[in-house]
Amino acid sequence: GRPPECWAAFDAVVNVTQDAYAGMAGDARYLQVPVAEGKRDKVGLVQHLPAALRFVAARLLKGDRVLVHCAQGRDRSVGVALAVLATCFDEDL
């Protein structure tokens with residue numbers, strides 16, 4: 001498929017699915033994190049999480065708006081988003 005139109009509102013995209021979008025490979029604004037649906041692929045998420053965190057942190061330092069998504073928004077993208085929050089926004093209250 002092709003990327004959803006809502007991607008135009010963001011400067012970078014982290015796609016946490018096994019389905020790559022045609023024409024996006026090699027685009028510096030796009031990161032494919034190939035993790036299977038649900039909790040079945042915890043090992044895959046742990047394996048790819050450091051690269052996702054580096055990508056998002058670099059984009060945030062530039063002031064970019066980053067979309068982290070998966071197919072259902074229940075497991076994979078939430079795990080990456082929580083790791084980003086804990087890593088990039090760990091400030092004392």
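**Salt bridges, aromatic pairs and overall fold**

Arg29 is partly exposed, its relative accessible area being 48%. Here a residue is called buried under 20% relative accessible area, exposed over 50% and partly exposed in between, with a 1.4 Å probe and protein chains only. The structure is a predicted model, in which local features need pLDDT of at least 70 and side-chain atom pairs count only at pLDDT 80 or more, while totals for chains, interfaces and linings use all residues. Residues are numbered from 1 along each chain as its sequence is written, and side-chain values use heavy atoms, with hydrogens and water left out.

Arg29 takes part in a salt bridge with Asp27, the closest N and O atoms lying 2.6 Å apart. The term denotes a side-chain nitrogen of Lys or Arg within 4 Å of a carboxyl oxygen of Asp or Glu. Four such bridges are found in a search of the whole structure. One of them joins the side chains of Arg65 and Asp11, with an N to O distance of 3.2 Å. This pair connects distant parts of the chain, since Arg65 lies in the loop between helix H1 (42–61) and strand S3 (66–69) and Asp11 in the segment before strand S1 (12–15), 54 residues apart. Helices (H or I, at least four residues) and strands (E, at least two) are DSSP runs, numbered from the N terminus. Both partners are partly exposed: Arg65 has a relative accessible area of 45%, and Asp11 one of 26%.

A further salt bridge is formed by the side chains of Arg76 and Glu37, at 2.5 Å from N to O. Because Arg76 belongs to helix H2 (residues 76–88) and Glu37 to the loop between strand S2 (30–32) and H1, the pair ties together parts that are 39 residues apart in sequence. Arg76 is buried, with a relative accessible area of 4%, whereas Glu37 is partly exposed at 27%.

Two aromatic pairs are found in the whole structure. In the pair of Trp7 and Tyr21, the ring centres are 5.0 Å apart and the planes stand at 75°, so the arrangement is edge-to-face. Rings of Phe, Tyr and Trp (its six-membered ring) are paired if their centres lie within 6.5 Å; planes under 30 degrees apart count as stacked, over 60 as edge-to-face and the rest as tilted. Since Trp7 lies in the segment before S1 and Tyr21 in the loop between S1 and S2, parts 14 residues apart in sequence are tied together. Trp7 also pairs with Tyr30 in a tilted arrangement, at 5.8 Å centre to centre and 35° between the planes. Here the segment before S1, holding Trp7, is linked to strand S2, holding Tyr30, across 23 residues.

The protein contains two helices and three strands, which follow the pattern β-β-α-β-α along the sequence. Its radius of gyration is 13 Å, close to the 12 Å that the globule rule gives for 93 residues, so the protein is as compact as a globular protein of that length. The radius is taken over C-alpha atoms, and the rule is 2.2 Å times the number of residues to the power 0.38. The C-alpha atoms fill a box of roughly 45 × 30 × 20 Å along the principal axes. Of the 93 residues, 37% are buried.
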